[in-house]
Amino acid sequence: MKLIKILLLFPFIITVACSTLTLKPTNFAWPVEEVLKINDDGRVTEDRYAIEFNTKGIFYEELNDSSAYKNKELRILRNMNGCYFITSEQFKNVYVFEADDGALVLENKIQVSETGLKNPALNQREPYVELIDGTEKLLLTNDGIYRTEK
């Protein structure tokens, strides 16, 4: 009988011991975009937010040239959900990445221009990320462009 009680309590003890502490709500947003110069090795570093990554893959994906990063800047902003929105001059897309085990993993690729951005800027407009390029303004989410019905 004692053995049965122990066996019945075992799943409960395991469940309680494995429960995860969750702090909600959490806002991961950066207040302003970071404009990062790309070094000769294709890496960007931002000490304020402790992020560093190689840009060659994103330039190859966007421009089919992994050396296109030379003399370029990357624009990056983290939204309130913790996703990184990344774009650059000449890009036709804004890339949305999630952090995962020492890597940035592509969550979404949002087409924002047919010809390529000329002078992009990213702003927080919670719950959206605003992309400005000249007179064009778009509100972005992790899923794509936010469109309001008119």
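Select Ile58, Phe59 and Glu62 in helix H2 first: these residues are buried, meaning that their relative accessible area is under 20%, where over 50% would be exposed and anything in between partly exposed (1.4 Å probe, protein chains only). Helices here are DSSP runs of H or I with at least four residues, strands are runs of E with at least two, and both are numbered from the N terminus. Looking down the axis of H2, you will find its buried residues within an arc of 100°, so they line one face of the helix; the arc is that of the directions from the helix axis to the C-beta atoms. An α-helix has 3.6 residues a turn, so residues three or four places apart point the same way.

Before moving on, note that this is a predicted model, in which local features need pLDDT of at least 70 and side-chain atom pairs count only at pLDDT 80 or more, while totals for chains, interfaces and linings use all residues. Residues are numbered from 1 along each chain as its sequence is written, and side-chain values use heavy atoms, with hydrogens and water left out.

Next, show what covers the buried residues of H2, which includes S4, S5 and S6. Just after the helix, select Asn64, which takes a positive phi of about 55°.

Now display the open sheet, in which five strands follow the order S1-S4-S5-S6-S7 with antiparallel pairing; two strands pair if DSSP finds at least two bridges between them. At its edges lie strand S1 (34–37) and strand S7 (104–111), each pairing on one side only, and the twist from one strand to the next averages 30°. Helix H2 (residues 56–63) packs on this sheet and touches strand S4 (73–78), strand S5 (84–87), S6 and S7, contact being heavy atoms within 4.5 Å. The direction of H2 makes about 145° with that of S6, using lines fitted to C-alpha atoms (for helices over the stretch in contact) and angles from 0 to 180 degrees between N-to-C directions.

Select S6 (residues 93–99) together with S7, and you will see an antiparallel pair joined by seven bridges, with Val96 opposite Asn108 in S7.

S1 pairs with S4 over four bridges in the antiparallel sense, and Lys37 has Glu73 as its bridge partner in S4.

Finally, select S2 and S3, which form a hairpin with four residues between them, where Ala50 in the turn has a positive phi of about 55°.
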